[in-house]
Amino acid sequence: MAEKVVETKKQKKERLKKMKPGRLAKREARMGYIFILPWIIGALVFLIIPLCQSFYYAMCNVKFNTRGGVNFTFIGRENYMKIWASDPDFLTSLSSYVVTTVISAPVIVVFALIIAMLLNGKIKCRGLFRLIYFLPVIVVSGPVMNMLSGNGATTISAIDASLIESFLQNYLPTAMATTIATTFGNMTQTLWYSGVQILIFLSALQKINPSLYEAAKIDGGSSWECFWKITLPTIKPMILLNVVYSIVYLSNNEQNVIITSIQSTMFAASKGYGYASSMAWLYSVVETLIVVIFAVVLMTRKDVYQKQVKKAKKEAKKQAKLLKKVQRREMKHEAKTIKATKA
């Protein structure tokens with residue numbers, strides 16, 4: 001009986017040692033915190049403080065006096081009420097932004113995934129093609145993008161866009177058809193935004209173990225089945241990352257009409273910083289809701305194999321608990337028999 005008790009204690013110690021992270025894991029965790037420390041400091045200094053200031057501005061009427069100072073008059077929710085009551089242009093552009101973002105973000109992610117899978121294949125001059133698809137991210141940004149969009153280089157011809165809009169109006173409401181047609185009209189500009197997403201997908205595809213595809217093909221799996229059973233579940237976290245990145249990039253680039261309207265409102269004499277801050281906060285709430293909706297849609301669909309693994313782990317835990325109970329009962333029974341024999 002004593003030998004059994006010693007063995008169970010040893011097993012428990014070994015199991016606890018395996019559960020505790022080793023020195024290497026702790027060192028890697030510390031290095032990870034050190035690497036993200038500059039970002040944390042930057043977020044606290046350059047993000048949290050301006051956010052608090054803009055939230056306060058949104059609740060005030062901000063005016064500059066002749067002496068160079070700033071006068072704050074607290075008015076509560078009045079700026080938000082003005083937006084809903086007397087600013088239909090901003091609400092219209094906000095609704096068109098929602099529809100455009102909901103359509104454009106999946107298009108960008110799907111296009112990026114297709115191009116990443118093609119660039120991950122065994123083709124000649126693969127590095128050159130990767131450079132070509134990532135080059136617009138470096139070159140076409142800021143003033144260059146503004147110049148190209150001003151000359152009509154980022155859109156398809158007006159005739160094709162009108163044909164798409166007239167076709168969609170037969171099946172959809174006019175506002176939605178116009179927004180979708182505008183999205184298709186800016187398809188060239190939308191696809192230019194897929195460089196970073198291609199790079200992220202490409203790095204995820206390169207980390208997939210080729211033996212998984214070999215085993216699937218030996219079992220008779222086709223390329224289509226390998227994509228749905230191996231590739232897509234493996235890169236699923238990267239899909240969510242790219243969707244969030246695409247939404248944030250579309251919402252904060254130089255071509256966004258809402259960003260330019262908020263910037264112009266800041267310097268308007270009748271509205272000012274307070275009104276512009278309330279517009280920005282309303283816009284950020286809508287943007288956050290879009291991100292949350294996409295995150296919920298992509299995160300709720302769990303993989304079937306992950307569910308099976310979780311069930312197997314739960315069953316293993318139950319079996320371990322039952323074994324422990326049986327061992328305790330045996331030990332108690334042996335102890336009672338030993339006492340009875342001694343007596």
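Guide: Take helix α12. Its buried residues are covered by elements that include α4 (88-119), α10 (195-206), α11 (210-218) and α13 (236-252). The model is predicted.

First, the helix itself. α12 runs over residues 223-234, 12 residues in total. From first C-alpha to last, α12 reaches 15 Å, close to the 16 Å expected at 1.5 Å a residue. Which residues of α12 are buried? They are Cys226, Phe227, Ile230, Thr231 and Leu232.

Next, the core. The largest nonpolar core has 38 residues. Leu94, Phe201 and Ile235 touch the most other members. Two or more residues of this core come from each of α4, α10, α12, α13, α14 (257-266) and α15.

Phenylalanine 201 deserves a stop. Leaving out residues up to four places away in sequence, Phe201 touches Val109, Ala112, Leu113, Ala116, Ile235, Met238, Ile239 and Asn242. Ile235 in that list is, like Phe201, one of the core members with the most contacts to other members.

Now α4, which holds threonine 101. Threonine 101 is buried, because its relative accessible area is 3%, under the 20% cut-off. A polar atom of the threonine 101 side chain lies 2.7 Å from the backbone oxygen of tyrosine 97. Setting aside neighbours within four places in sequence, threonine 101 is in contact with Pro106, Ile247 and Ile290.

Beyond neighbours within four places in sequence, serine 277 is in contact with Ser54, Tyr57 and Ala58.

Finally, the whole protein. Its secondary structure comes to 16 helices and two strands. Of its 343 residues, 26% count as buried. Among contacts between residues at least 6 apart in sequence, 68% join residues at least 24 apart. The protein exposes about 24,300 Å², and carbon and sulfur atoms supply 66% of that area.

Key. Residues are numbered from 1 along each chain as its sequence is written. This is a predicted model: local features need pLDDT of at least 70, side-chain atom pairs count only at pLDDT 80 or more; totals for chains, interfaces and linings use all residues. Side-chain values use heavy atoms; hydrogens and water are left out. Helices (H or I, at least four residues) and strands (E, at least two) are DSSP runs, numbered from the N terminus. The expected span of a helix is 1.5 Å times one less than its number of residues. Buried means under 20% relative accessible area, exposed over 50%, partly exposed in between (1.4 Å probe, protein chains only). Contact means heavy atoms within 4.5 Å. A polar contact is a pair of N or O atoms within 3.5 Å; within protein, one must be able to donate a hydrogen and the other to accept it, and residues adjacent in sequence count only if both atoms are side-chain atoms. Accessible areas come from the Shrake-Rupley method with a 1.4 Å probe; for residues, only the protein chains shown count as cover. A nonpolar core is a set of buried Ala, Val, Leu, Ile, Met, Phe, Trp, Tyr and Cys residues joined through side-chain atoms within 4.5 Å.
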